[in-house]
Amino acid sequence: MNIAELDFYTQAILSLAALVGLTSFLMLGQGRLLRLVFVFALQGFLLTLTTGLAAYSLNNHHLYISAVLTLVLKVIFIPWMLRRQVLHMNMHRDVEALNNNTMVMLGGASLMVFSYYVLHPIVQSSSVVMLNALAVSLSVVLLGMLLMISHRQAVAHVVGFMSIENGLFFAAIVATNGMPMVVELGVAFDVLVAAVLFGIFFFHIRTSIDSLDVDLLNKLHEVDK
Amino acid sequence: MIAAYLVLLIPLVGIVFFAFAGHRTDTGKLNVRFNSVSLLATIWLAINVLNQGTIISSGKAFLIDPFNVYLIVLTAFVGLTTSIFSSPYMAHEKEIGKLNDTRLKLYYSMYQGFMLAMYLVLTANNMGIMWVAMEGATLATVLLVSLYRTPESIEAAWKYFILCGVGIAQALFGTILLYYAAVQIGDGDNALLWSVLYENAEQLNPEVLEIAFVFLLIGYGTKIGLVPLHSWLPDAHSEGPTPMSAVLSGLLLNDALYAVVRNKMLVDGATHSNMAGYLMMGFGMLSFLVAAVLLHRQKDIKRLFSYSSIEHMGIMTFAFGIGGPLATFAALLHMTVHSLTKSAIFVTVGHAAQVAGTQSMDKIRGLIKTQPKIGWGLLIGTISIAGFPPFGVFTSEFLVLLATMHSYPWLTPLLLLGIGIAFAGLFRHIQPMVYGDKPEGQLPVKANLWPVMIHLALVLWMGLAIPGFLANWFSQATILISGSSPL
């Protein structure tokens with residue numbers, strides 16, 4: 001694959017895919033919650049750009065609606081809500097000590113390689129560009145999970161959860177030019193409800209354990225000790 | 001077709017009604033009425049399908065065929081009987097001060113929300129909408145798990161939310177891959193419709209579909225409660241209000257399995273291998289064995305029966321994995337009898353916990369002496385779920401065993417061993433609770449055990465002789481899924 005020979009749209013999509021992947025890694029190593037939320041908003045913005053670009057170059061009007069939804073939900077509403085929580089809990093000065101940061105980053109890199117490995121059969125039926133786009137989406141999903149595993153704050157878990165959603169959305173836009181409109185609206189509705197529920201949960205967890213450190217939620221066990 | 005729209009419309013009205021009507025003393029009874037009307041609508045729908053065969057709505061948004069129509073009726077039925085139970089149960093919880101009016105309002109509104117999500121999962125023709133509805137079911141129930149606002153219930157709800165949310169995201173990735181394979185052969189807007197995909201399954205790219213199925217199985221499998229993705233299930237079942245445990249076990253798990261089987265039908269058509277089946281068999285067997293062993297180490301009565309649910313979902317997943325007509329028939333029957341028995345058990349367990357004032361099995365004693373109806377209900381329910389003849393669970397497990405002996409004989413000992421371990425695990429806990437000495441001062445509670453009796457009677461009926469129309473439905477669904485008739 002020679003990058004220079006591809007058309008402008010494909011080149012732009014590849015660069016955006018790389019940037020989206022990069023933001024996932026940035027989130028993974030981030031110990032400060034406000035910066036984490038900021039990088040998450042940045043990822044949402046890159047997603048909006050991707051959607052807008054796809055809408056423009058494919059002349060597909062319903063993708064504009066998706067772009068606006070992404071902008072409102074993932075760049076404005078959710079980061080705003082999370083930021084408010086962090087400031088409210090006075091956690092913006094804390095730096096979360098991440099255990100084994102090096103290992104987590106190495107793990108992240110291996111997950112990316114793994115995504116390429118899993119999706120490699122797709123090359124037989126489509127282009128290398130598609131493989132890149134799908135593999136980056138899958139690795140964003142997996143990196144989101146790793147983020148949830150390695151961080152202890154509930155806010156970081158929500159960021160991980162929503163960034164998994166970002167990865168899926170990226171796959172839908174790039175590989176299939178967006179899902180059918182009714183499905184996309186449904187997914188956006190689910191994300192919105194989930195975000196509101198997370199807000200409610202922060203309140204409940206805070207009143208219950210006086211902290212948002214989910215490691216303290218450890219009362220229930222598989223078998224009784 | 002009007003019937004299908006009605007089925008979806010009634011719970012939708014219910015959500016809005018309960019959310020805005022404010023709490024009234026008769027809210028519980030109104031909830032029962034909403035569910036009775038839903039049941040009537042689903043029966044009307046079932047009669048339509050019986051007369052006309054598969055129905056696809058004019059916009060192709062909904063698909064009702066023999067496979068999902070009986071699950072729709074089952075959903076409505078269990079929804080109704082559980083609401084009959086929940087009305088006095090929730091009133092009692094309010095009396096002892098565990099709940100207030102606002103939370104009851106939330107409870108009834110979200111009960112209808114959950115029912116709507118279940119009907120939508122079952123009726124949706126669009127695989128994307130099916131996913132949206134499945135996620136909607138999580139969102140509707142997550143606040144109900146934490147309804148009591150105890151630290152444990154909040155922990156359970158958080159776990160449920162995060163684990164099912166992340167899990168089901170995998171299913172969305174699978175759905176996107178499915179769509180990706182579909183747009184390569186057809187037009188965009190209809191490409192996610194199950195009916196269209198099923199017709200063109202032969203042309204779908206097998207490599208992409210294989211990858212997609214792995215994600216779909218993991219995603220929906222989290223909701224089925226397959227080991228090792230099950231850890232949310234016992235927590236959510238034990239900490240939420242008991243009517244919720246009954247509908248989660250009886251309906252949600254079934255519907256998640258339904259979603260997996262729908263996808264399996266597409267993947268099988270494309271790959272011509274039994275890859276999907278082997279995956280389901282592996283996960284099913286693992287869940288079945290692990291849950292059977294874990295039954296022995298439980299202390300909480302609701303956790304005990306939620307592990308039993310995992311065990312039975314394991315059997316069903318395993319049976320659908322085997323795939324032939326006999327195994328598929330058995331799995332469909334097992335879905336029905338398990339759903340009826342398990343919701344009946346949770347109803348009795350709810351009353352038993354109210355009698356004893358605790359869910360800890362060490363402290364629940366002498367149920368037969370205190371309130372014979374509850375004691376016998378629990379005992380008969382357990383006998384039924386453990387797979388004793390003449391109950392329906394025995395019939396379906398026996399058929400699964402036969403199918404296994406036929407196709408994979410070397411797996412039969414494992415299956416028998418698991419059933420034995422599970423049986424011992426259940427009875428060592430149940431026996432002292434039912435027969436033990438009655439603690440001092442233990443008094444009967446106001447209980448409505450009609451739902452339990454009706455459920456168990458139906459299960460008994462299905463064990464003795466499956467009624468003709470039901471057998472006909474099952475065999476039509478079996479033909480649809482496995483391609484040939486079991487009878």
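1. I begin with H8(B), which has 19 residues and reaches 25 Å from its first C-alpha to its last, close to the 27 Å expected at 1.5 Å a residue. Please bear in mind throughout that this is a predicted model. Of the 19 residues of H8(B), 15 are buried, so the helix is largely enclosed by the rest of the structure. Gly225(B) follows H8(B), and its phi is positive, near 90 degrees.

2. The next point concerns the contact between the two chains, in which 38 residues of chain B are in contact with 40 residues of chain A. On the chain B side, helix H5 (127–145), helix H6 (151–183) and helix H8 (206–224) each supply at least two residues, and the largest share, 16 residues, comes from H6(B). Sorted by class, the side of chain B that touches chain A has 22 nonpolar, 7 polar and 9 charged residues.

3. Within chain A, helix H3 (residues 61–88) and helix H7 (residues 181–209) pack at an angle of about 5 degrees, with their axes 11 Å apart. Because angles under 35 degrees count as roughly parallel, H3(A) is described as roughly parallel to H7(A). The residues that H3(A) brings to this contact include His62(A), Leu69(A), Phe77(A) and Gln85(A), while those from H7(A) include Met181(A), Glu184(A), Val191(A) and Phe202(A). By class, the contact of H3(A) with H7(A) has 11 nonpolar, 4 polar and 1 charged residues.

4. Which residues touch the most other members of the largest nonpolar core? They are Val159(A), Val121(B) and Ala319(B), in a core of 255 residues, and the largest share of this core, 22 residues, comes from H6(B).

5. Finally, leaving aside residues up to four places away in sequence, Ala319(B) touches Ala327(B), Ala330(B), Ala331(B), His334(B), Val400(B) and Ala403(B).

Methods
Residues are numbered from 1 along each chain as its sequence is written. Chains are lettered from A and ligands numbered from 1 in the order in which they are written. This is a predicted model: local features need pLDDT of at least 70, side-chain atom pairs count only at pLDDT 80 or more; totals for chains, interfaces and linings use all residues. Two residues are in contact if their C-beta atoms, placed from the backbone, lie within 7 Å. Helices (H or I, at least four residues) and strands (E, at least two) are DSSP runs, numbered from the N terminus. Ala, Val, Leu, Ile, Met, Phe, Trp, Tyr, Cys and Pro count as nonpolar, Asp, Glu, Lys and Arg as charged, and the others, Gly among them, as polar. Axes are lines fitted to C-alpha atoms, for helices over the stretch in contact, and angles run from 0 to 180 degrees between N-to-C directions. Angles under 35 degrees count as roughly parallel, over 145 as roughly antiparallel, 65 to 115 as roughly perpendicular and the rest as oblique. A nonpolar core is a set of buried Ala, Val, Leu, Ile, Met, Phe, Trp, Tyr and Cys residues joined through C-beta atoms within 7 Å. A residue is buried if 20 or more other C-beta atoms lie within 10 Å of its own, exposed if 12 or fewer, and partly exposed in between; C-beta atoms are placed from the backbone. The expected span of a helix is 1.5 Å times one less than its number of residues.
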